[in-house]
Amino acid sequence: MLQLNNVQVAYGNIEVLHKISIEVKKGEIVTIIGANGAGKTTALRSVAGLLPKKKGSQILFDGIDITNMGAEKIVAEGMALSPEGRHIFPELTVEDNLEMGAYLRHKDKAGVAKDMKEVFEMFPRLEERRRQLGKTLSGGEQQMLAIARALMSSPKLLMLDEPSTGLAPLVIKEIFRIVKKLNQTRGLTVLLVEQNAKMALGVADRGYVLKNGEIVKSDTGENLLNDDSIRAAYLGGR
Amino acid sequence: MQILQQLIQGLSLGSIYGLVALGYVLIYQAWGVLNFAQGEVCAIGAFSLLVLHAELGMPVYAAMPVAVLVSMLVGYVIEFLSFRPLENANGTTRLIATIGVSICVRNILRMIFGADYFSFPTIFGDTPFQVGELILVPQNLWNTAIGFALVALLNLFLKKTRIGKSMRATAQDKEAARLMGINVRASLTGTFVIASALGAIAGMLIAPVYLFNFNIGATIGTKGYAAAVLGGLDFASGAMTGGIILGIAECLAVVFGSSEYQSAIAYIVLFLVLILKPSEIMSKKKKVEKV
């Protein structure tokens, strides 16, 4: 479904991603783990069309070359990103935030209404707060809103950037449970970037380890979880 | 009774100031810069109406929409030439560019129309009528009504329609807006052009009740700016409140002082806000939306 071939990204003269190649197959949950500053967020942002890629890079999504497509066009192809730091619209209500998520589906009113209902079933807290402004939500609720908003575009591929940052363990568990459920019941394909490697590898089918802008390892989630070097570097030792 | 008379007058002036202020606020929220050329767009609106109606003889109800369109076009050109190229420049550079645009437009108007004062054709009638002891002028009443109606309409547009919401979303977080599929470029331009239309309407409404020559943009721009700052550079309600407070303050200054003080009020307001809350002028801060 998604293929990154030799993707290179630089900020000015400093190259942050060195020819990385990643593949996400339909129906999979794939995670990219790595330390702070390894380039995980850069990878997702470049896929989403928020960053320009260097010559020679290629990103294919569902058979279409999206390497040089802008973010606002890529959404229409069926990809949604829940960005790092949530980036919900602070002065819009929860409901309006979700409506913006479905911005391009304005001709499909019935479908949007149905998805809105589903999203509220998934995140009952959001329904309770549907008329509140985004900025009045707690961190966990904002993260749920960011994911729900991404789902409102009815994506084929959902990309999540650091969904666990700053959240209580119970909330993190709940969010990962929902992601897993979306994957199992709807066949939603997920690309997940996480610092919380243990959580991420626990739900992922496969994982890539990113270090200083290079993929240094890739394997199934389970194998990576049991890999000694990975345990030492990313899972808090032993 | 004289006070009531002045309050009505103040409300009328204030609702126009509010419209001008709204133009400042819209652009400030979307672009993060105060557009000091906003007053000039008001002047363009007024002069377009003067040419279309008084010179070319178009009926006023046809001339007004055309004049609004002309001003929107001018607004688009201003955005294209001075806002877009500086999108990533620092705040001061952008601010000064808008001052440059305003000086430029003002002098073009001066070249075309000279420095003489024009008597602007009244749009809604300037024959006063009496209600009890109050003397009312139709133009002033209409100005109030139109001012409020436009603010209400704009508010409805921004809060209830998909496009309006997408403009607010863009103003709040451009990158997230892109991720939603919103065309940020078009949204920013749309906001600018709407602000220009509001300014043009304000210009047409105020020209008949004001001293009107090429310099009207500077005067009305200052009032609108003061009103916007007073309202906290916030969305619709803040701008309108600022405008009305300013309008009423000006008219009360006439009652308790002399008409000479009237034009000083806007500067006094600016002065006070700058002393008491200076941070709000230069830096774009997210604020609570009060409606």
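Predicted model: local features only at pLDDT ≥ 70, side-chain atom pairs only at ≥ 80, totals over all residues.
Residues are numbered from 1 along each chain as its sequence is written, while chains are lettered from A and ligands numbered from 1 in the order in which they are written.

**Exercise 1.** Find which residues of helix α7(A) are buried.

Solution. Start with the helix (helices are DSSP runs of H or I, at least four residues, and strands are runs of E, at least two, numbered from the N terminus): α7 of chain A covers residues 169-186. Next, pick out Ile175(A), Phe176(A) and Val179(A), which are buried (20 or more other C-beta atoms, placed from the backbone, within 10 Å of their own; 12 or fewer means exposed, and in between partly exposed). They share a side of α7(A) because they cover an arc of only 95° around the axis, judged by the directions from the helix axis to the C-beta atoms. Finally, turn to the other side, where Leu170(A), Arg177(A), Lys181(A), Gln184(A) and Thr185(A) are exposed.

**Exercise 2.** Work out whether the faces of strand β6(A) are covered or open.

Solution. On one side, Met79(A) and Leu81(A) are buried.

**Exercise 3.** Find where confidence is lowest in chain B.

Solution. Helix α12(B), residues 279-282, has the lowest mean, 52.

Methods: Expected span 1.5 Å × (residues − 1). pLDDT = per-residue confidence, 0-100.
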